[in-house]
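Look at the sequence and the model first, then read the notes below.

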Amino acid sequence: QVQLVESGVASVQAGGSLRLSCVVSGYTYSTYCMHWFRQGLVKERESVARIDSGGSTEYADSAKGRFTISQDNAKNTLYQQMNSLKPEETAMYYCAEHFLPCDLDGTWPPFWGQGTQVTVSS
């Protein structure tokens, strides 16, 4: 069974930065796509960043220029660096994994982290 375990700093002042981590264990696809999803109180769950097994990345418009998704294959760890955070980005953040292609076409990944509550205070 694939397991994704998240950790990281969860509280920050507006304009500050934090980094989330997601450690994958049990089994990983040889070709895959990893996402960071965000679920706010009044917004639907959305992918804010993704990276595939070849290192190709893509970001939601709201994240471009401020968020960076990366991976350390030796540590089986996915990261998300988030800079210049805004109060409206207070949300649950989830890492998730699925087989390629990265476009989900209306589906959801089968494997998810437990979620990290990120609070951005003004």
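How far apart are the sulfur atoms of Cys22 and Cys95? They are 2.1 Å apart, and the two residues form a disulfide, a term for a pair of cysteine sulfur atoms within 2.5 Å. The count by this rule is two disulfides.

This is a predicted model, in which local features need pLDDT of at least 70 and side-chain atom pairs count only at pLDDT 80 or more, while totals for chains, interfaces and linings use all residues. Residues are numbered from 1 along each chain as its sequence is written, and side-chain values use heavy atoms, with hydrogens and water left out.

**Cys22 and Cys95**
- The link of Cys22 and Cys95 is right-handed, with 65 degrees about the S-S bond.
- Because Cys22 lies in strand β3 (residues 18-25) and Cys95 in strand β9 (residues 91-98), the pair ties together parts that are 73 residues apart in sequence; strands are DSSP runs of E, at least two residues, numbered from the N terminus.
- Cys22 and Cys95 are both buried, meaning under 20% relative accessible area (1.4 Å probe, protein chains only).

**Cys33 and Cys102**
- A disulfide also joins Cys33 and Cys102, with their sulfur atoms 2.1 Å apart.
- About the S-S bond there are 110 degrees, and the link of Cys33 and Cys102 is right-handed.
- Cys33 lies in strand β4 (residues 33-39) and Cys102 in the loop between β9 and β10 (111-112), so this pair ties together parts 69 residues apart in sequence.
- Cys33 is buried, at a relative accessible area of 0%, and Cys102 is buried at 11%.

**Pairing order**
- With the bonded cysteines of the protein chain numbered in sequence order, the pairing is 1-3, 2-4.

Key: Helices (H or I, at least four residues) and strands (E, at least two) are DSSP runs, numbered from the N terminus. Buried means under 20% relative accessible area, exposed over 50%, partly exposed in between (1.4 Å probe, protein chains only).
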